Amino acid sequence: MDSLERYINQLFARYPKTQANLEAQDEILSNLRARIADDLSHGLSEKEAIANAKNSIPSLDFLDSKQRLTVSTRAFALNILQHVLLCLSVAWIVTLPFRMFHTSGRILNTAYLLMIIAAGILYFLARLLSPSTVTRVSLRSLQKASRWVWILFALFFLLDLALVTGIRFGSNLWFSRPIHINGPYQFALLAADYFLPATFLWIPLAVQHVGKATLEAEVQGDEA
Amino acid sequence: MRHKKDISIAILLVIGLLILLGIECVYRPAQEQRQQEYETRQRDPLTHDLSSIQQYKSLYMGDAANTIHLFGNLPLQDLPSSYENDPESLTFQINYNVSLASLSEQLVMRSLIYNSAAAFGLIDNLEGLRYRFLDKEFSVSRADFSQYFEQPLSELVQTPSLWESAVKEPLQDDNVVIALIEACFHKTSR
């Protein structure tokens, strides 16, 4: 791989590998090679010709507003719902033991079961969609949304961590009293308070998957 | 790929359902039954678990929350009740919103003795107890009550074996219960 190809790969690195973007990448690379050949024939050195080629494409900002894909609605919906079902099933199973001894754990586990049922119904309804129906999806918006959902989840988790620690151990920390855990049952209750909020990880994982589902359900390239 | 995911989801759901059935149909009913049996035992002085109340040991009857929690974990706990504190005479009063005639007299008499032993043993400065029913009232002082026991009540309540022999076992004999009530408790009708 030469320096020009590396440069173009770097420019396209932040864009999804859609069919249209890959075609645009190949086209730009071949245009730049033609430009280099032309400059060389006019007496420029190889170094100067490559530098000119790179300077002619400083960024790919013109692509930003054009990242909309056409996807099969049915395939898109089925892919997302399937992933959501998978994430929810795992979250449901890992919270099952908490039904035995933790009230909030029991409520959360029941909520996950209801969500699985709802997602399952939507999944079977999505199978009834016509395969020819298409939807336009903005991939950049989805990527931005996914980033924000991860940030919000991280903030939620850190806040919850601080709150649980404050409620459970605030007095111990304030009055410098030793922390006592009187056996496995108390330890399990404490572990549940910390662990249960982490099961909401299924939300950012599901949102992140939407981008991948978009690429898998693409039916034609995006607009230039 | 999607078919493989469908199979994975189906397997996970089946595993989850089996675990759910095990928890809801086997474990939790057994746990609830054990809990109910324990609560039934806690309402009878002859089967009450002493270790459940030792955490309420306190120097002061003025720690009202502690004293109320103590009586909330002693026999007669299931009766509708309210509480009063008399700091002048260091007397704690329990007002039962039921009439004695509607209850098993044997159970109530045993419970009054048991509860008094526990309260005087755990609350250091408690000097008197008053149990007020809608139709009758029983009052007892620490001085009168302690005379019946060879060892201090505070020692008895901290030693399960002594508690069994000195407090619980005598309660099995109705004659002992009647004699103790007559000797130590002051009864008035309302």
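Start with the charged pairs: over all chains, the count comes to 13 salt bridges, a salt bridge being a side-chain nitrogen of Lys or Arg within 4 Å of a carboxyl oxygen of Asp or Glu. Before selecting any, know that this is a predicted model, where local features need pLDDT of at least 70 and side-chain atom pairs count only at pLDDT 80 or more, while totals for chains, interfaces and linings use all residues. Residues are numbered from 1 along each chain as its sequence is written, chains are lettered from A and ligands numbered from 1 in the order in which they are written, and side-chain values use heavy atoms, with hydrogens and water left out.

Now pick Asp2(A) and Arg33(A). Their side chains form a salt bridge at 2.7 Å, N to O. Asp2(A) sits in the segment before helix 1 of chain A and Arg33(A) in helix 2 (residues 19–41) of chain A, so this pair ties together parts 31 residues apart in sequence. Helices here (H or I, at least four residues) are DSSP runs, numbered from the N terminus, as are strands (E, at least two).

Next, show helix 1 (residues 3–12) and helix 3 (residues 46–56) of chain A. Their axes come within 10 Å and cross at roughly 15 degrees; axes are lines fitted to C-alpha atoms, for helices over the stretch in contact, and angles run from 0 to 180 degrees between N-to-C directions. Helix 1 and helix 3 of chain A are therefore roughly parallel (angles under 35 degrees count as roughly parallel, over 145 as roughly antiparallel, 65 to 115 as roughly perpendicular and the rest as oblique). Who touches whom? Ser3(A), Leu4(A) and Tyr7(A) of helix 1 of chain A make the contact with Ile50(A), Ala53(A) and Lys54(A) of helix 3 of chain A, contact meaning heavy atoms within 4.5 Å.

Move along to helix 5 (residues 73–95) of chain A and bring up helix 9 (residues 202–216) of chain A. These two pack at about 155 degrees, with axes 9 Å apart, which makes helix 5 of chain A roughly antiparallel to helix 9 of chain A. To see the contact, select residues including Phe76(A), Ile80(A) and Val84(A) in helix 5, and Trp202(A), Leu205(A) and Val210(A) in helix 9.

Among the contact residues are Leu78(A), Leu85(A) and Trp92(A) on helix 5 of chain A, with Ile9(B), Leu13(B) and Leu20(B) on helix 1 of chain B.

Zoom out to both chains. How many residues of chain B are in contact with chain A? There are 17, and they touch 20 residues of chain A. Chain B and chain A bury about 1,600 Å² between them, 68% of it on carbon and sulfur atoms; buried area is the accessible area (1.4 Å probe) that two parts lose on being put together, summed over both. Across this interface there is 1 salt bridge. To look at a salt bridge between the chains, select Glu24(B) and Arg99(A), whose side chains meet at 2.7 Å, N to O.

Last stop: Leu189(A), in helix 8 (residues 184–195) of chain A. Neighbours within four places in sequence aside, Leu189(A) is in contact with Phe101(A), His102(A) and Arg168(A).
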